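Okay, thanks everyone, let's get going.

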Amino acid sequence: MIKGRTGDWEVVIGLEVHAQVVARAKLFSGAATDFGVEPNTQVSTVDAAFPGMLPVINRHCVEQAVKTGLGIDAEINLHSVFDRKNYFYPDLPAGYQISQYQQPIVGHGRVTLDMPDGSTREIGITRLHLEQDAGKSLHDQHPRETYVDLNRAGIGLMEIVSEPDLRSAEEAGIYLRKLRSILRYLGTCDGNMEEGSLRCDCNVSVRRPGAPFGTRCEIKNLNSVRFVMQAIEVEARRQITIIEDGGTIAQQTRLFDTARGETRPMRSKENDYDYRYFPDPDLLPLVLDPAWVTRLRAELPELPDKKRARFIADYGLGVEEAGVLVAERATAAFFEAVAEGRDPKAAANWVIGDLFGALNRKGVGIEASPVAAAQLGGLIDLIADGTISGRIAKDVFAEMVETGADPAAIVEAKGLRQVTDTGAIEAAVDAALAANPAQVAQYAQNPKVLGFFVGQVMKATQGKANPALVNELLKKKLGG
Amino acid sequence: MALDKATVARIATLARIRLSEAELEPLAAELSGILDWIEQLGEVDTDNVEPMTSVAQMAFGMTLPMRDDAVTDGQNRDAVLGNAPRTARGFFTVPKVVE
Amino acid sequence: MSELTHLTLAEARDGLAAKRFSARELAAALNNAVAASKPLNAFITATPERALEMAAASDARRASGQVGSLEGIPLAIKDLFCTAGVLTTAASHILDGFVPPYESTVTAKLWAAGAVMLGKTNLDEFAMGSSNTTSYYGAVENPWRRPGDNRPLVPGGSSGGSAAAVAARAAFGATGTDTGGSIRQPASFCGIVGLKPTYGRCSRWGVIAFASSLDHPGPMTRTVRDAAIMLGAMAGHDPKDSTSAPVPVPNYEAALTGDIKGLRVGIPREYRVDGMPAEVESLWQSGIDWLRAAGAEPVEISLKMTKYALPAYYIVAPAEASSNLARYDGVRFGLRVEGDSLDDMYEKTRAAGFGAEVRRRVLIGTYVLSAGYYDAYYLKAQKVRMLIARDFAAAFERCDCILTPTTPSAAFAIGEKSDDPVAMYLNDVFTVPADLAGLPAVSVPAGLSEGLPLGLQIIGRAFDEETVLRVGAVLERAADFRHLPSFIAGER
Ligand SMILES: [Mg+2]
Ligand SMILES: [Zn+2]
């Protein structure tokens, strides 16, 4: 709910997400899909729409779309149709995009959002369809010309359209992150927004609570969660201001100017296109074998919602930490490897706290973690069996991050094994007491000096003394 | 169905074909003549008839064939750019587009 | 002038096999004929050097014992088939200078079978026309003239250059494409055989698209046997064309048994149209009589939707064309007329690049697909198309093939009918239904009308080109069409 000058407004948002299908080759041609290569080096004469060239669909892309449909609990349409969407643009070589209009491959589905207050919210998915990506137009290379690179032209996209069920920029952000998480679990889209593998169009309107939907504007091509949230916020406020000033909203396609933080109408003719959809006569209806779909369903990986529930039930984790651990499939797998046969709480704390911190500092993902799951597990084992203290473990971990060495080796090499020999600790305690008579005298009035003596003993033993033993001995001697 | 000049101008813009003002009138008449003749289809009762989008599918029972996900094409930039009226630094070029 | 050019394709094949002449001699003779055919304007590009090279290679293969089904046979290629390294124009200004880096599947198969390329034949621009007068490279003349009348006649279209070249003995055969009659109607007008195979029988890959759901590549030859031989090399499943049929290719030549005893031949009553010339009607009757005499059983059938095929076609074909031709935008190949803005460049390029008929059809197609009109036009036409296919399916319960005239009239003069598009479209009234239904059909020269050739058409069941060819051959033998056009390449 947004407060306007004249009262409260509800924002209504529907998202159209374009997710690039993970595949070696393009949707209708055998050209490669690698990112960041020289311009026009991954372009077949099919992608460039040369005369007489014809599309043949990539089975893997179809499979990826079906998997994604299953992953968002959607109906799989066993019969779907490819249509041509006709418009002229230099990065659309054929003058039409092959897409699916009235009969998409995937129908109604849903995505469950985990709200910050611990509740969940279900967002409807209207449809998912397969279509070709366009090429790339570069407008900043020459004062009078636009440069066209067709490397991306023809790459398979899944357009995932949500119902207008989202009610705030924050919800839109949660939805996008959740959808991205599901896609990455399924391996159907890498979710890399910087590289444009996941792009978002936002349909935004505002209304008085309970009133019918207002006129919507579509903000095109947002490529980060942050921009999506900003754009929605800004667009909603723009619309509210117009209405409160007595104006009306014109249905429009708009762009988000990230530098200025405002939306503006697209100057191109985007707003008066007549796409003249019709079934692509170069293709036949896509008919799926129900047994194949059943097999794909059976092979589906455990998805974040299920995994989170299992982490809570089986490992006794809290809702929030379970949520953090399942966001990425690789993280969840890492955690499970660490927790295997160990205290899951300790494993979760190490992964979420120390490991995430270290990865953040290094700017790498869990796949590139310098500490392997087995190594982190080994470290936890060393604490559990009393070989090192939790305190020393932090140092060992820091060393592991830097060198990638095994914890046991570090402990041995640096002589960090915990001292549990009462005689040796007693000697250190006695030495500390003898060296600080003033503090000994304070103890009766101020028991906090105990901490001072613990510090002295630990310093003297390079932290290796068993902290419990040190405490016990100090108390006995000071109190005695 | 008589097409007027404005409609001809609109579809010519959609089709990106420049027509001069002088061409609109005769073209409107010509296209109207063709459409009039086409409209005899209105006599045919097509209630409950499925549209034939593809003889291969609807008459011959074919469905969409699929290919394997393999890179088999597209590594020849010269072949793709070789026929282009204008290129620069490996790109196709067009008059500047303002978005 | 050469005896060689008068051979049929089959005779040339047999002569090569018997070493009566070499592929190089044959190619040289045909190169001369191609050059001599210049007055017809049948070729946009002649490729004599390539023909000689390919022929030499063919001779070498033959010497080493490798003999394809078309080994050493010189053929002409409709300039709608992309040929690697050879200018390919679709007879349109908009494809100025376009040299494809790839070879169409059909032509690649022909070369793989040993055939030799003579050149690229003229056509109606983007195969849109029935007279071959819409070519950017100028009209093609029919090698036939009406007796006592020296006005040049149209060869029919759109494969008019292919038909004229084959009729004038400037090629043993040629490829054509048939979208609304573009193989059969020019074949009829030029007194040759034209076969439109089943949709999906010959790959469309590398053939410049006019209307994808209707485009059928096929052979044009002087005899039915030649068409059978050529089709055998052109046909076959192509994984690069999603609409290509994964069905085996039979030996078409072996299907020419001459035996049609007991075959039921459908005679559709709706093809007796108003104003049909008496000669056409009587030729059709002769056809019925010939087939009956050969043991076939004529049966009257009804194809109720016949009248609506043409108007349905003139929605579906332009609609698809309007989309297929959107790629000609001055960016990646062909003509570009510079402009102040992107749209200015697009509009100027396409206005300059497309001729009047192409523009007309692109505009009609754009209109019938546009918002608010789709259901009334495009969807309606697709439903009528379904009814047409059902008509044929019902008819084939009662007969094994269908006999009709190919065209409602013989060739007309260049310039005639050109101011009334609809009158021009009516040329295809008998050919369009088989395109809409995707069925195989052949036109066989069967007689003369005022000294000009007329064809009869046999339509068959899907993928039953064998019956179509077998009946066609019986018709051919009975008609015994031995007339020659007034223009024979190199003989005037
Ligand atoms: Mg969209
Ligand atoms: Zn899309």
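Predicted model: local features only at pLDDT ≥ 70, side-chain atom pairs only at ≥ 80, totals over all residues.

Residues are numbered from 1 along each chain as its sequence is written, chains are lettered from A and ligands numbered from 1 in the order in which they are written, and side-chain values use heavy atoms, with hydrogens and water left out.

Back to S130(C). You'll find it in the loop between β3 and α5 of chain C; helices here are DSSP runs of H or I with at least four residues, strands are runs of E with at least two, and both are numbered from the N terminus. What does the side chain of S130(C) join in a polar contact? That would be the side chain of D428(C), at 3.0 Å. By polar contact I mean a pair of N or O atoms within 3.5 Å; within protein, one must be able to donate a hydrogen and the other to accept it, and residues adjacent in sequence count only if both atoms are side-chain atoms. Setting aside neighbours within four places in sequence, S130(C) is in contact (heavy atoms within 4.5 Å) with residues including D124(C), G157(C), F412(C) and D428(C).

G157(C) has its own story: a cis peptide bond joins it to S158(C), with omega at about 10 degrees. S158(C) is in the loop between β3 (116–121) and α5 (160–167) of chain C.

A91(C) isn't a glycine, yet its phi is positive, about 60 degrees. It's in the loop between β2 (74–78) and α4 (105–112) of chain C, and A91(C) counts as buried because its relative accessibility is 0%. Over in chain B, R89(B) also has a positive phi without being a glycine, about 50 degrees. That one is in the loop between β2 (87–88) and β3 of chain B. Is R89(B) buried or exposed? Exposed, at 55% relative accessible area.

On to where chains B and C meet. Chain B puts 53 residues into the contact and chain C 69. The buried area is about 5,200 Å², with 71% from carbon and sulfur atoms; that's the accessible area (1.4 Å probe) the two parts lose on being put together, summed over both. There are 6 salt bridges across this interface, a salt bridge being a side-chain nitrogen of Lys or Arg within 4 Å of a carboxyl oxygen of Asp or Glu. One of them pairs D344(C) with R18(B), 2.7 Å from N to O. We also get 16 residue pairs in polar contact between chain B and chain C, both at pLDDT 80 or more. On the chain B side, α2(B) gives the most, 9 residues.

Last, the cysteines. The structure has 0 disulfides over all chains, taking a disulfide as a pair of cysteine sulfur atoms within 2.5 Å. For C61(A), the nearest cysteine sulfur belongs to C189(A), 12 Å away. C61(A) is buried, with 0% relative accessible area, and C190(C) is buried with 1%.

Definitions and conventions
Buried < 20%, exposed > 50% of the residue type's maximum accessible area, 1.4 Å probe, protein only.
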